[in-house]
Amino acid sequence: MTDVLRRGRPGYDQRGILEVAVAAFNEHGYDATSIGMLADRLGLSKSAIYHHVSSKDELLGLALDEALDGLEGVLRAPEAETGTAADRLAYVLRGAVRVLADRLPYVTLLLRVRGNTEVERSALERRRAFDHAVAALVAEARAEGSLRADADPAVVARLLFGMINSLTEWYTPEGPLTPDDLADTILALALR
């Protein structure tokens, strides 16, 4: 995503505008946030924002890409593609926790989209593909004997990500728990 970020007028680049937009989307909701509201928060004119992005939808797309690119990157890592299914699943879960911690506002926004716009529908489709890949890993881990055989892999995957996604509600990166501490706890609950 950093390839597409542009610099423009002094004060804010596209990344700075995106960060303010994500905070506003999370605080007020995407639909209730206007370019005028963002302009007020940034101390810029609407046209200065439009110098960096073509629309509010583009801002939403960039924000959702930030979250989804991180999650999809975890699935593409060599550690997610080789080794036992249990080891690959552990890597993906740990990686998802790190992505969430590193990109907390973006993942929070991703978890709040409902499919009201084409940008949201596209993001939800990508998120479903990620969920299916994790469910397939859970099924492999179950087949190799690393997980209980009596649990449906899709349900297990949803429960695991329910735990991980709940971090958006209470986790603060400045707090005493590191992403690795959280991942260790989740892995202990899930895999032992």
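A salt bridge is taken here as a side-chain nitrogen of Lys or Arg within 4 Å of a carboxyl oxygen of Asp or Glu. In those terms, Arg15, Glu19, Glu66 and Arg103 are linked in a network of salt bridges, and the count comes to 13 salt bridges. The model is a predicted one, in which local features need pLDDT of at least 70 and side-chain atom pairs count only at pLDDT 80 or more, while totals for chains, interfaces and linings use all residues. Residues are numbered from 1 along each chain as its sequence is written, and side-chain values use heavy atoms, with hydrogens and water left out.

The protein chain has 10 helices and 0 strands, where helices (H or I, at least four residues) and strands (E, at least two) are DSSP runs numbered from the N terminus. Along the principal axes, the C-alpha atoms of the protein chain fill a box of roughly 60 × 35 × 30 Å. Of the 192 residues in the protein chain, 44% are buried, a term that stands for under 20% relative accessible area, with exposed meaning over 50% and partly exposed lying in between (1.4 Å probe, protein chains only). Contact means heavy atoms within 4.5 Å; among contacts in the protein chain between residues at least 6 apart in sequence, 64% join residues at least 24 apart.

The accessible surface of the protein chain comes to about 10,000 Å², and 52% of that surface belongs to carbon and sulfur atoms; these areas come from the Shrake-Rupley method with a 1.4 Å probe, and for residues only the protein chains shown count as cover. The protein chain has 22 positive and 29 negative side chains, and the centres of the two sets lie 3 Å apart. In this count Lys and Arg are positive and Asp and Glu negative, whereas His and the chain ends are not counted, and the place of a charge is taken as NZ of Lys, CZ of Arg, CG of Asp or CD of Glu.

The side chains of arginine 41 and glutamate 27 meet in a salt bridge at 2.8 Å, N to O. Because arginine 41 lies in helix α2 (residues 35-42) and glutamate 27 in helix α1 (residues 14-28), the pair ties together parts that are 14 residues apart in sequence. Arginine 41 is partly exposed at 34% relative accessibility, whereas glutamate 27 is exposed, at 53%.

Arginine 126 and aspartate 69 also form a salt bridge, with their closest N and O atoms 2.7 Å apart. Arginine 126 belongs to helix α7 (residues 118-143) and aspartate 69 to helix α4 (residues 56-76), so this pair ties together parts that are 57 residues apart in sequence. Arginine 126 is partly exposed, with a relative accessible area of 22%, and aspartate 69 is partly exposed, with 30%.

A salt bridge likewise joins the side chains of aspartate 180 and arginine 98 (2.6 Å, N to O). Since aspartate 180 lies in helix α10 (residues 179-191) and arginine 98 in helix α5 (residues 85-102), the pair ties together parts that are 82 residues apart in sequence.

In the loop between α1 and α2 sits threonine 33, which is buried, with a relative accessible area of 1%. The side chain of threonine 33 reaches the backbone oxygen of glycine 29 at 2.7 Å. Leaving aside neighbours within four places in sequence, threonine 33 is in contact with Ala24, Phe25, His28, Leu38 and Lys56.

Definitions and conventions:
Polar contact = N/O pair within 3.5 Å; in protein donor to acceptor, adjacent residues only side chain to side chain.
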